[in-house]
Amino acid sequence: MQQGRTPAGVKIEAFPEKTMIFGLFRKKNNNQAIVDRQYAALTAAARMPDLYERLNVPDTVMGRFEMLSIAMILFFRRTRASAVSGQEIAQEIVDAFFQDIDYSIRELGIGDNSVPKRMKKLAGMFYGRLEAYSKAMDAGDREALALALQRNIYPESPVLADLSGLADWMMAAEAQLSAVPEEMIASGAATLPPVV
């Protein structure tokens, strides 16, 4: 991640999507109802019980972070080709995601002095996942995606969990999102598919 402050809207050339974190906590009211609706849909998708019961995602704080990150990444990948309004909504949704994380950290009783360091670490984790998953998905490489998921969801496990089902779900979710018309993106009506 780039050091120092980056003005909002300036792209980091190596990975332009990383500029999203620099919009964190900016006040935006134009799209609030749309952002709230879309964020609620993405968080509901990340909490689907089948993800945890059938696809080997641990039902833990970090497991929930992983699934919410995946939902955000899938939506962000869809909106990277959207019109300006879709990209603005994606920016605001990722901002809301990091605001939620900040709030959750504080609710856990983490001191104010430790929050920025933890937020920086979690932002790095998120963007690392975005890069790894995007590389595998852009190549259509289900096995590479499953391995990246394994590394991130079970980083210290000596036994490999089978995350091929989660990789399949992500590929299906991306295909579904790619078919979502721009008007649905602009109105905050995009959804992720159920686990089948």
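**Confidence**

The protein chain has an average pLDDT of 84. At least 70 is reached by 82% of the residues. One is residues 1–16, which has 18 contacts in the model beyond near neighbours in sequence. The other is residues 18–27, with 31 such contacts. Where pLDDT is low, the predicted coordinates should not be read in detail.

**Overall build**

The chain holds 8 helices and 0 strands. Read from the N terminus, the order of elements is therefore α-α-α-α-α-α-α-α. The chain has 196 residues, and 46% of them are buried. The exposed surface comes to about 10,400 Å². Carbon and sulfur atoms supply 55% of that area.

**Salt bridges**

Side chains of opposite charge can pair when their charged atoms come close. How many salt bridges does the count come to? The total is 8.

| Pair | N to O distance |
|---|---|
| Asp 50 and Arg 54 | 3.4 Å |
| Arg 78 and Glu 182 | 2.8 Å |
| Asp 168 and Arg 142 | 2.3 Å |

Begin with Asp 50 and Arg 54, whose side chains meet in a salt bridge. Asp 50 is partly exposed, at 26% relative accessible area. Arg 54 is also partly exposed, at 46%.

Next comes the bridge between Arg 78 and Glu 182. Which parts of the chain does this pair tie together? Arg 78 lies in helix α3, residues 61–79, and Glu 182 lies in helix α8, residues 182–187. The pair therefore ties together parts that are 104 residues apart in sequence. Is Arg 78 buried or exposed? Arg 78 is buried, with a relative accessible area of 11%. That value falls under the 20% cut-off for a buried residue. Glu 182 is partly exposed, at 30%.

Asp 168 counts as partly exposed, at 34% relative accessibility. Arg 142 is partly exposed as well, with a relative accessible area of 35%.

Salt bridges with shared partners also form a network. Its members are Arg 77, Arg 80, Asp 138 and Glu 174.

Ala 45 belongs to helix α1, which spans residues 32–46. Its relative accessible area is 5%, so Ala 45 is buried. Which residues does Ala 45 touch, leaving aside those up to four places away in sequence? Ala 45 touches Leu 51 and Leu 192. Ala 71 provides a further reference point. Ala 45 and Ala 71 are 26 residues apart in sequence. In space, their C-alpha atoms are 7.2 Å apart.

**Summary**

The predicted chain comes to 8 helices and 0 strands. Ala 45 is buried in the model. Residues 1–16 and residues 18–27 have pLDDT below 50.

Conventions. Residues numbered from 1 in each chain as written. Predicted model: local features only at pLDDT ≥ 70, side-chain atom pairs only at ≥ 80, totals over all residues. Heavy atoms only, no water. pLDDT = per-residue confidence, 0-100. Contact = heavy atoms within 4.5 Å. Salt bridge = Lys/Arg side-chain N within 4 Å of Asp/Glu carboxyl O. Buried < 20%, exposed > 50% of the residue type's maximum accessible area, 1.4 Å probe, protein only. Helix = DSSP H or I, 4+ residues; strand = E, 2+ residues; numbered from the N terminus. Areas by Shrake-Rupley, 256 points an atom, 1.4 Å probe, with all protein chains shown as cover.
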